[in-house]
Amino acid sequence: MDNRTNLDDYLAGLGISDADESELPPPAPDAALSATLTPETPEDPRSALEAFLTGLLGRIDPDLQVRVTQADDALEAEITGENAAKLAGRDGRTLGAIEVLAYTVLAKQEGRGNLRVRVDIGGYRKRQAEALSKLAERLAVQVAKSGEPHELQPMPASERRVIHITLKEHPDVMSESIGEGNARRLIIKPRHG
């Protein structure tokens, strides 16, 4: 349960409390905002996601652009622009919040709840995946030399997945997720036999 008592505390937890309110666009009438955030006409999921993100980004920074593509298992949205990297927020928290909102909008449309949504802002997720892959490779060498398992701090499923994929075919080590919920973490251990 979240013990935060007001919106300011919640936004601070997302890493977006330092926004200068004088730079925000004037609020839209409720009907216009509702239409921007939840398209009323049934659309294909790709168009619905693009419409939602375009409306959201237009309120944050009109110079940002969004491109949505259909991958095998998910819709992938790439947000680009001069100030896109700032929108990711501290530790990608704002990016994560945008991703949750995008999924929620699609899930509200009939039959869309099973569709996965991945959002990247200014290449943040790509850089993060590259850093995690390098970390996995360094730890694999360390574990292979020492023969001792290495336990990482709890991390989101998307980050654990990058490490699992990186080490999937490694001849000397393997990875395993343990724990539950937010405490779920990854262990890299020697591959036996």
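Is Gly92 buried or exposed? Gly92 is buried, at a relative accessible area of 10% (buried is under 20%, exposed over 50%, partly exposed in between, with a 1.4 Å probe and protein chains only). Keep in mind that this is a predicted model, where local features need pLDDT of at least 70 and side-chain atom pairs count only at pLDDT 80 or more, while totals for chains, interfaces and linings use all residues. Numbering starts from 1 along each chain as its sequence is written, and side-chain values use heavy atoms, with hydrogens and water left out.

**The chain overall**

- The protein chain holds seven helices and six strands, where helices (H or I, at least four residues) and strands (E, at least two) are DSSP runs numbered from the N terminus.
- Reading from the N terminus, the elements go α-α-α-β-β-α-α-β-α-β-α-β-β.
- The chain has 193 residues, and 30% of them are buried.
- Take the contacts (heavy atoms within 4.5 Å) with a separation of 6 or more: 53% of them come from residues 24 or more positions apart.

**The S1-S2-S3 sheet**

- S1, S2 and S3 make an open sheet in that order, with mixed pairing; two strands pair if DSSP finds at least two bridges between them.
- The edges are S1 and S3, each pairing on one side only.
- From one strand to the next, the twist averages 20 degrees; axes here are lines fitted to C-alpha atoms, for helices over the stretch in contact, and angles run from 0 to 180 degrees between N-to-C directions.
- S1 and S2 are antiparallel over six bridges and form a hairpin with three residues between them.
- Across that pairing, Gln70 sits opposite Leu75 in S2.
- S2 and S3, on the other hand, run parallel and are joined by six bridges.
- In S3, Arg116 is the bridge partner of Ala74, and Asp120 is the bridge partner of Glu78.

**Helix H3, lying on that sheet**

- H3 lies across S1, S2 and S3, at about 165 degrees to S1.
- Helix H3 (residues 45-60) has 16 residues, so at 1.5 Å a residue it should span 22 Å; the end C-alpha atoms are 22 Å apart, which agrees. The expected span is 1.5 Å times one less than the number of residues.
- The buried residues of H3 include Ala48, Leu49, Phe52, Leu53, Leu56 and Leu57.
- As background, an α-helix has 3.6 residues a turn, so residues three or four places apart point the same way.

**The loop between H4 and H5**

- Gly92 belongs to the loop between helix H4 (84-87) and H5, and Asp91 is found in the loop between H4 and H5 too.
- Asp91 is exposed, with a relative accessible area of 58%, whereas Gly92 is buried.
- The phi of Asp91 is near 55 degrees, a positive value in a residue other than glycine. For context, most residues other than glycine have a negative phi.
- Gly92 and Asp120 are 28 residues apart in sequence, yet 9.6 Å apart in space, C-alpha to C-alpha.

**The S4-S6-S5 sheet**

- Three strands form an open, antiparallel sheet in the order S4-S6-S5.
- Its edge strands are strand S4 (150-151) and strand S5 (173-178), each pairing on one side only.
- S5 and strand S6 (residues 185-190) run antiparallel, joined by six bridges; Leu186 in S6 is the bridge partner of Ser177.
- Helix H6 (residues 124-146) lies across S4, S5 and S6, at about 45 degrees to S6.
- Helix H7 (residues 157-167) lies across S5 and S6, at about 155 degrees to S5.

**The second largest pocket**

- This pocket has a volume of about 1400 Å³. On a 1 Å grid over the protein atoms alone, a pocket is an open set of points where a 1.4 Å probe fits, with protein on both sides within 12 Å along at least five of seven lines, and lining residues have an atom within 4 Å of a point. Points are joined across faces, edges and corners, and the volume is the space filled by probe spheres set on them.
- It is lined by 37 residues, and the closest to its centre are Glu99, Arg125, Pro156, Ser158 and Glu159.
- Elements giving two or more residues to the lining are strand S1 (65-70), strand S2 (74-80), helix H5 (93-108), strand S3 (116-121), H6 and H7.
- H7 gives the most to this lining, with eight residues.
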